[in-house]
Amino acid sequence: MKPVLPFKLQAIKVQIYPSPDQIVYIAKLLGSSRFTYNKTLEFKKKVYNETGKFPSWSDCGKHFTELRASEEFSWLREVHTHPVKQSLIDLERAFSNFLDKENKSEFPVFKSKHDKESCRFPYTAISGVSGNRLTLIRQLGNMHFKCSKHDEIALNRYQNKIRSATLEKTKSGKYFLGILLDKPLRKKLPKIDKIIGVDIGIKEFVVTSDDERFANIKTIRANEKKLKRLQRKMDRKQKASKNKEKARLKLARFNEKLKNKKENYLHSISNKLLNDNQVIVFETLNIKGMMANHHLAKSIGELSAFRFKAICSYKALWYKRDIINIDRFFPSSRLCELCKAKNDDLTLSDRTWVCQSCGVEHDRDL
């Protein structure tokens with residue numbers, strides 16, 4: 001008898017290739033979702049200014065119904081209501097995070113059509129998958145998609161366990177669908193008795209307590225001249241011209257390429273650490289405080305430390321690994337590992353130091 005594999009919510013991201021008519025419909029859908037989000041946020045702020053209280057979820061629902069029924073915004077009735085209503089849920093979640101003191105989230109802001117656009121389909125608005133074709137609603141039916149063969153098989157096999165799908169249009173004009181589904185974990189990592197400490201830094205991206213080092217690839221810094229050149233070319237084009245749009249797409253595609261390169265690198269490091277270790281111990285970095293240092297802000301911004309830890313965290317849940325975050329103020333770089341003496345004179349420029357008590361030389365990252 002085969003063992004029952006545990007199911008976990010996992011997202012599979014596929015690139016979709018809609019037809020010209022479907023592209024027009026997607027544009028309407030994304031615009032309607034953004035408009036509904038912004039109008040509801042405006043309604044919430046207006047009610048708060050008048051009464052001192054934010055309107056309830058049901059009040060926002062009634063406001064959306066009134067918008068959709070009005071002649072002024074009759075075009076809202078041209079698109080499927082389920083994905084548009086999800087923008088109300090997204091706004092409600094954003095407000096909940098803002099009001100939750102532990103989250104420390106910012107107040108929700110209006111969405112812009114110049115940013116990455118997206119809308120979410122609940123499971124009730126997803127018809128199914130057949131081979132390398134998928135159907136959401138009637139207007140978005142039989143769309144060709146591409147992903148790995150492993151993910152394509154999983155989508156076909158577990159399509160009845162799809163929970164939602166997020167449609168996204170990137171700045172480079174590509175369309176992606178992030179499909180959330182319950183699927184069993186095929187990769188079972190054996191339990192091992194190994195604990196490792198991880199230091200994230202600017203000089204070297206990751207240094208482990210086994211003295212294994214992963215370079216900081218600096219995708220933006222290494223391509224800064226080309227990015228500036230592409231930006232200048234776009235700025236020089238006439239506003240709203242076809243040449244301006246071509247230059248914008250060229251810049252967006254190059255930025256996307258750099259982002260994908262960094263994302264692939266983060267996944268490769270996380271896989272290596274999780275495969276070889278049962279417990280991974282991270283330091284807790286004050287990213288916001290570090291960004292305040294204008295000498296380091298650019299380097300820290302492209303480090304992607306928060307994203308790397310997030311990848312390690314969700315994969316650790318999948319593979320039954322443990323992640324430990326030590327206290328932010330624990331002086332790990334200043335402590336001698338042998339005699340536990342603390343070096344209070346250590347500065348950021350000091351990469352190595354000698355313990356005054358026992359005379360041992362230390363690499364601060366190690």
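Biologist: Which residue takes a positive phi just after H10?
Modeller: Helix H10 covers residues 305-318, where helices are DSSP runs of H or I with at least four residues, strands are runs of E with at least two, and both are numbered from the N terminus. Just after H10, a positive phi of about 60° is taken by lysine 320.

Biologist: What kind of model is this, and which pLDDT do local features need?
Modeller: Residues are numbered from 1 along each chain as its sequence is written, and side-chain values use heavy atoms, with hydrogens and water left out. This is a predicted model, in which totals for chains, interfaces and linings use all residues, side-chain atom pairs count only at pLDDT 80 or more, and local features need a pLDDT of at least 70.

Biologist: How many Å does H10 reach from its first C-alpha to its last?
Modeller: The expected span of a helix is 1.5 Å times one less than its number of residues, and H10 has 14 residues, for which 20 Å is expected. The model comes close to that expectation, since the reach of H10 from first to last C-alpha is 20 Å.

Biologist: What angle do H7 and H10 make, and which class of angle is that, parallel or oblique?
Modeller: Helix H7 (residues 242-276) packs on H10 with the axes 10 Å apart and at an angle of about 45°. Axes are lines fitted to C-alpha atoms, for helices over the stretch in contact, and angles run from 0 to 180 degrees between N-to-C directions. Angles under 35 degrees count as roughly parallel, those over 145 as roughly antiparallel, those from 65 to 115 as roughly perpendicular and the rest as oblique. With its angle of about 45°, H7 is therefore, relative to H10, oblique.

Biologist: Which residues of H10 does H7 meet?
Modeller: Contact means heavy atoms within 4.5 Å, and H7 contributes Glu263, Leu266, His267, Ile269, Ser270, Asn271, Leu273 and Leu274. The H10 side of the packing consists of Arg307, Phe308, Ile311, Cys312, Tyr314, Lys315 and Ala316.

Biologist: In what order do the five strands of the open sheet lie?
Modeller: Two strands pair if DSSP finds at least two bridges between them. S8 and S9 pair in the antiparallel sense over three bridges, while four bridges join S8 to S11, which run parallel, and four bridges join S11 to S12, also parallel. The pairing of the open sheet is accordingly described as mixed, and its order is S10-S9-S8-S11-S12.

Biologist: Which strands stand at the edges, and why is one side of each left without a neighbour in the sheet?
Modeller: In the order S10-S9-S8-S11-S12, each edge strand has a single partner strand, so one side of it has no neighbour in the sheet; the edges are S10 (213-215) and S12 (322-325).

The twist from one strand to the next averages 20°.

Biologist: Which strands does H10 lie across, and at what angle does H10 run to S12?
Modeller: H7 lies across S8, S9, S10 and S11, running at about 0° to S9. H10 lies across S8, S9, S11 and S12, and its angle to S12 is about 140°.

Biologist: Is glycine 201 buried or exposed?
Modeller: Glycine 201 lies in the loop between S8 (195-200) and S9 (204-208), where a hairpin joins the two strands through three residues. Leaving aside neighbours within four places in sequence, glycine 201 is in contact with Asn216 and Leu303, the latter being 102 residues away in sequence but 8.1 Å away in space, C-alpha to C-alpha. Because its relative accessibility is 16%, glycine 201 counts as buried.

Biologist: What is the relative accessibility of threonine 219?
Modeller: Threonine 219 lies in helix H5 (residues 219-222) and, leaving aside neighbours within four places in sequence, is in contact with Leu258, Lys261, Lys262 and Glu302. Threonine 219 counts as buried, because its relative accessibility is 7%.

Conventions
Buried < 20%, exposed > 50% of the residue type's maximum accessible area, 1.4 Å probe, protein only.
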